[in-house]
Amino acid sequence: MTKDTKIAVLIDGDNVPSKYITEMMEEIAKYGTPTIKRIYGDWTKPHLSKWKNILLENAITPIQQYGYTTGKNATDSAMIIDAMDILYSGKVNAFCLVSSDSDFTKLATRLREAGMMVYGMGEKKTPNPFIVACDKFIYIEILKSESDKDEKGMITKKENLYNITPKVIKMLQTSVDDAADDDGWAFLGDVGSLILKKQPNFDSRNFGFAKLTPLFKSLPQFEMEQRDKKSSSKFKLIYVKNK
């Protein structure tokens, strides 16, 4: 996605802690411009009162949704209906669904079927069906640590969400093979895109690395190489190969 991408940000206020909102909006800005920003909940309930100042600071529109019956989540229904209205309006080309609730699995699937890019955000407890229904899923726990990283790209001051297990290494090796040329070298950008297609919640920050490059460099199973672009540019292309 480019910075010209217009994103509709829809937040389930009942399922996301308010303390993450600033970091969430900064993360969303990396993928495009959030032109529609709405949060859903029953604002008559005391536990949502902490959102008030945060919403004003981030220009997020609160949508009131009363709980009509016990045991039913009216907030989910309102958010889904709004999402479909926005889809058919043609005003955006991507959605960011912020929730840890699996009830939005079908919505994410439907939006992708319509050609929308769908980003998901939620806590680590988010059920897998919703995660895999998104093009990319970001755990909000890692966002607080984004600014705390050392010169090697390692995130500090926060426990990693996951360890790099043999299963993760095997998935990385397979992705490198799938994207590699005849000599076994693969452009790291292509590898990263392929990994996300296989595992939408994969993020180097989950393992304590700010970027994919330092993650690969930390693993002895891979060989890295920098190549100059053909055109004049200060940036170098990073390639990776299985040892």
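Me: What is a nonpolar core, and which residues touch the most other members in the largest one?
Reply: A nonpolar core is a set of buried Ala, Val, Leu, Ile, Met, Phe, Trp, Tyr and Cys residues joined through side-chain atoms within 4.5 Å. This is a predicted model. Its largest nonpolar core holds 51 residues. Met-24, Phe-95 and Leu-97 touch the most other members. Helix H3, residues 74-89, gives the most to this core: 6 residues.

Me: Which residues is Leu-97 in contact with, leaving aside its neighbours within four places in sequence?
Reply: Among them are Leu-10, Met-79, Leu-107, Leu-111, Val-118, Tyr-119 and Phe-130.

Me: Which residues does the second core include?
Reply: That core is separate and has 19 residues. Val-176, Phe-202, Phe-216 and Phe-222 are included.

Me: How do I read a helix pair?
Reply: Two packed helices are described by the angle between their axes and the distance between the axes. Take H6 (residues 166-179) and H7 (residues 188-198). They pack at about 120 degrees, with axes 9 Å apart. H6 and H7 are therefore oblique to each other. Their crossing is right-handed.

Me: Which residues make the contact?
Reply: H6 supplies Met-171, Leu-172, Thr-174, Ser-175, Val-176, Asp-178 and Ala-179. H7 supplies Asp-190, Val-191, Leu-194, Ile-195 and Lys-198. By type, the contact of H6 with H7 has 7 nonpolar, 2 polar and 3 charged residues. Val-176 belongs to this contact and also to the second core.

Me: And the whole protein: how many helices and strands?
Reply: There are 8 helices and 9 strands. Buried residues make up 48% of the 243 residues. Among contacts between residues at least 6 apart in sequence, 60% join residues at least 24 apart.

How values were computed: Residues are numbered from 1 along each chain as its sequence is written. This is a predicted model: local features need pLDDT of at least 70, side-chain atom pairs count only at pLDDT 80 or more; totals for chains, interfaces and linings use all residues. Side-chain values use heavy atoms; hydrogens and water are left out. Axes are lines fitted to C-alpha atoms, for helices over the stretch in contact, and angles run from 0 to 180 degrees between N-to-C directions. Helices (H or I, at least four residues) and strands (E, at least two) are DSSP runs, numbered from the N terminus. Angles under 35 degrees count as roughly parallel, over 145 as roughly antiparallel, 65 to 115 as roughly perpendicular and the rest as oblique. A crossing is left-handed if the near helix is turned anticlockwise from the far one by less than a right angle, and right-handed if clockwise. Contact means heavy atoms within 4.5 Å. Ala, Val, Leu, Ile, Met, Phe, Trp, Tyr, Cys and Pro count as nonpolar, Asp, Glu, Lys and Arg as charged, and the others, Gly among them, as polar. Buried means under 20% relative accessible area, exposed over 50%, partly exposed in between (1.4 Å probe, protein chains only).
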